[in-house]
Amino acid sequence: MGGFAEYVCVREKSLALKPAKMTFEEASTIPQAGVIALQGIRDKGKVLPGQKVLINGAGGCAGVFAVQLSKSYGGEVTAVDSTGKLDFMRSLGADHVIDYTREDFTKNGLQYDFILDVVAHRSVFDYKRALRPNGSYFAVGGSLGTLFPILLLGSWIGRSTGKKIRVLAVRPSLEDMVKVAELCEAGKVHAFIDRRYALSEVPKALRYLGEGRAKGKLVISVGHDA
Ligand SMILES: NC(=O)c1ccc[n+]([C@@H]2O[C@H](COP(=O)([O-])OP(=O)(O)OC[C@H]3O[C@@H](n4cnc5c(N)ncnc54)[C@H](OP(=O)(O)O)[C@@H]3O)[C@@H](O)[C@H]2O)c1
């Protein structure tokens, strides 16, 4: 929904000062990914110490923040992503990791208090099975074919089982963006940049992203083009 440019025109009320201790590149990782994770883990998950949390797509942009935030609230975190990202997810603090190319977390008999799913593509019934009684599942991203049934059937499943299955509609929030920046400045959460590219290298960056190899964020460093 966006683009890549040297200049962009936005409303003043959407802007916040860059945290002094962070570089521009680090700060650029926060607005969408950090806010998705905060609204997922803090507001929807309301993660408490000892609760079992699963982040699906944990090695990507939002997942990286979600794993760290869940740990900071005391959750026992299972991070799911592809083979090459397992060590990376452990380094973020994940207690357990699952390689989605080898194991389906909805079919291994384990259950969670809260699941945040960045790449939803299973049926609502699969997600129901992976939840503990009174557990909740929120899809942030995924295919329309998955999100639609969640919207249609999620509340019905909730009424009959006590399990909550929903789509998380992320609100743009300056306050939340600043909150994540403060957590980064305080060293409680870190921005992870896999690679930096110049503006002229955007196609290369998108190719790398598309290959599914990026861990955390790729950053287009506009000021470093020269
Ligand atoms: N709900 C809202 O209001 C809202 C607002 C803004 C954005 N969004 C959505 O939120 C999502 C944000 O995602 P992001 O920026 O964190 O994406 P991302 O950086 O692309 O991360 C997705 C991660 O999921 C992994 N993955 C792919 N297939 C998987 C599978 N089957 N099981 C487990 N992991 C899998 C990817 O790894 P590999 O590539 O190695 O497989 C990647 O590490 C996007 O879908 C965006 O559209 C939603």
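**Exercise 1.** How many helices and strands are there in the protein?

*Solution.* The structure is a predicted model, in which local features need pLDDT of at least 70 and side-chain atom pairs count only at pLDDT 80 or more, while totals for chains, interfaces and linings use all residues. Residues are numbered from 1 along each chain as its sequence is written. The protein holds 8 helices and 8 strands, where helices (H or I, at least four residues) and strands (E, at least two) are DSSP runs numbered from the N terminus.

**Exercise 2.** Determine how helices α2 and α3 pack.

*Solution.* Begin with the geometry: α2 (residues 31-45) and α3 (residues 61-72) pack at an angle of about 40°, with their axes 8 Å apart. Axes are lines fitted to C-alpha atoms, for helices over the stretch in contact, and angles run from 0 to 180 degrees between N-to-C directions. That angle makes α2 oblique to α3, given that under 35 degrees counts as roughly parallel, over 145 as roughly antiparallel, 65 to 115 as roughly perpendicular and the rest as oblique. Next come the residues: the contact (C-beta atoms, placed from the backbone, within 7 Å) includes A33, I36 and L38 of α2 and C61, F65 and L69 of α3.

**Exercise 3.** Which residues come nearest to the ligand?

*Solution.* Of the 23 residues around the ligand (C-beta atom, placed from the backbone, within 6 Å), G57, G60, A62, G141 and G212 come nearest. The elements giving two or more residues to this shell are α2, α3 and β2 (76-81).

How values were computed. Two residues are in contact if their C-beta atoms, placed from the backbone, lie within 7 Å.
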